Amino acid sequence: MAEQDELLYTLNDGIALVTLNRPERRNALTPKLTHLLADTWKRIDADPEVRVAVITGTYCGTFCAGMDLQEAARLKKETGKDILEFFADLRNDGLRVVSKPLIAAINGHFPAGGMMLSLNCDIRVGLAGTRGGITEVKVGRGSPWAVPLLWMMPQALLMETVLTGDMIPAERLHQVGFINYLEQTPEAVLARAMELARKIADAAPLSVMAGKKVLKDATTLGCVPGLKAAWDHYVPVYASEDAIEGPKAFAEKRKPQWKGR
């Protein structure tokens with residue numbers, strides 16, 4: 001497989017589809033793939049044609065296995081360096097600041113880096129019968145990226161997977177609200193994700209991006225300062241042409257023609 005094919009990208013009607021494409025290695029992350037992903041997050045944010053992005057993996061039973069441990073061993077032997085020294089966007093800053101909504105179509109198991117990618121998306125669709133978790137303690141690695149999960153799942157459940165490395169059934173993660181929808185087949189996972197993406201792409205883009213930003217900011221700022229920041233973020237939304245177009249289209253019983261300004 002050519003290196004450039006490790007990540008697939010398509011854009012149709014405002015929906016970007018990002019596909020991890022290393023099925024022979026359970027879509028595990030290599031330095032090359034992390035650089036491709038880092039470039040893709042920038043591409044999504046910079047392209048005004050992108051309204052929402054869906055992130056998935058070529059089906060192999062695993063959405064993403066996390067770091068490619070065989071590649072890590074090879075790099076250590078050949079260079080004496082840890083694989084993370086070759087990774088891009090190591091702290092996921094580039095992924096976390098994407099202003100467009102991100103939907104994870106988790107069509108298989110999602111340990112370690114698979115969980116990392118999932119938690120940094122805004123909406124998650126999972127596959128029944130699969131498991132996700134933070135398995136780093138089983139291989140002597142670390143999971144500093146797991147901190148945001150404190151706002152996404154019960155602390156006791158999070159502590160259990162961090163300390164034991166055990167995987168959690170997708171059904172349990174759906175029960176506690178980490179996964180929005182649980183589907184029975186990989187095809188249904190992607191179909192549900194694309195259905196959600198279409199609803200987002202059809203909505204007013206300024207309102208959508210402001211909605212994501214205020215909720216993300218509030219987890220850092222807290223309630224009172226978060227509420228104040230939310231009002232500030234919505235000022236340009238209320239002042240936009242779209243704020244006039246929405247009610248007008250409703251009154252005229254037609255689909256809004258959003259301008260994003």
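Buried means under 20% relative accessible area, exposed over 50%, and partly exposed in between, computed with a 1.4 Å probe on protein chains only. The views below come from a predicted model, in which local features need pLDDT of at least 70, side-chain atom pairs count only at pLDDT 80 or more, and totals for chains, interfaces and linings use all residues. Residues are numbered from 1 along each chain as its sequence is written, and side-chain values use heavy atoms, with hydrogens and water left out.

**View 1. The open sheet E5-E7-E8.** Three strands form an open sheet in the order E5-E7-E8, with mixed pairing. Strand E5 (110-111) and strand E8 (168-169) are the edge strands, each with a single partner strand, so one side of each has no neighbour in the sheet. Strands (E, at least two residues) and helices (H or I, at least four) are DSSP runs, numbered from the N terminus. Two strands count as paired if DSSP finds at least two bridges between them. Strands of a sheet pair through backbone hydrogen bonds, either parallel or antiparallel.

**View 2. The pairing of E7 with E8.** Strand E7 (residues 131-133) pairs with E8 in the antiparallel sense, over 2 bridges. Gly132 has Ile168, in E8, as its bridge partner.

**View 3. The salt bridge between Arg141 and Asp82.** A salt bridge is a side-chain nitrogen of Lys or Arg within 4 Å of a carboxyl oxygen of Asp or Glu. The side chains of Arg141 and Asp82 form one, at 2.7 Å from N to O. Arg141 lies in the loop between E7 and helix H5 (155-164), and Asp82 in the loop between helix H2 (69-79) and helix H3 (93-96), so the pair ties together parts that are 59 residues apart in sequence. Arg141 is partly exposed, at 29% relative accessible area, and Asp82 is also partly exposed, at 25%.

**View 4. The salt bridge between Lys138 and Asp166.** The closest N and O atoms of Lys138 and Asp166 are 3.5 Å apart in this salt bridge. Lys138 is in the loop between E7 and H5 and Asp166 in the loop between H5 and E8, so the pair ties together parts that are 28 residues apart in sequence. Lys138 is exposed, at 53% relative accessibility, while Asp166 is partly exposed, at 38%.

**View 5. Further salt bridges.** The structure holds 19 salt bridges. One of them joins Glu252 and Arg254, with the closest N and O atoms 2.6 Å apart. Glu252 is partly exposed, at 43%, and Arg254 is partly exposed, at 31%. Elsewhere, a network of salt bridges links Glu6, Arg22, Arg25 and Asp68.
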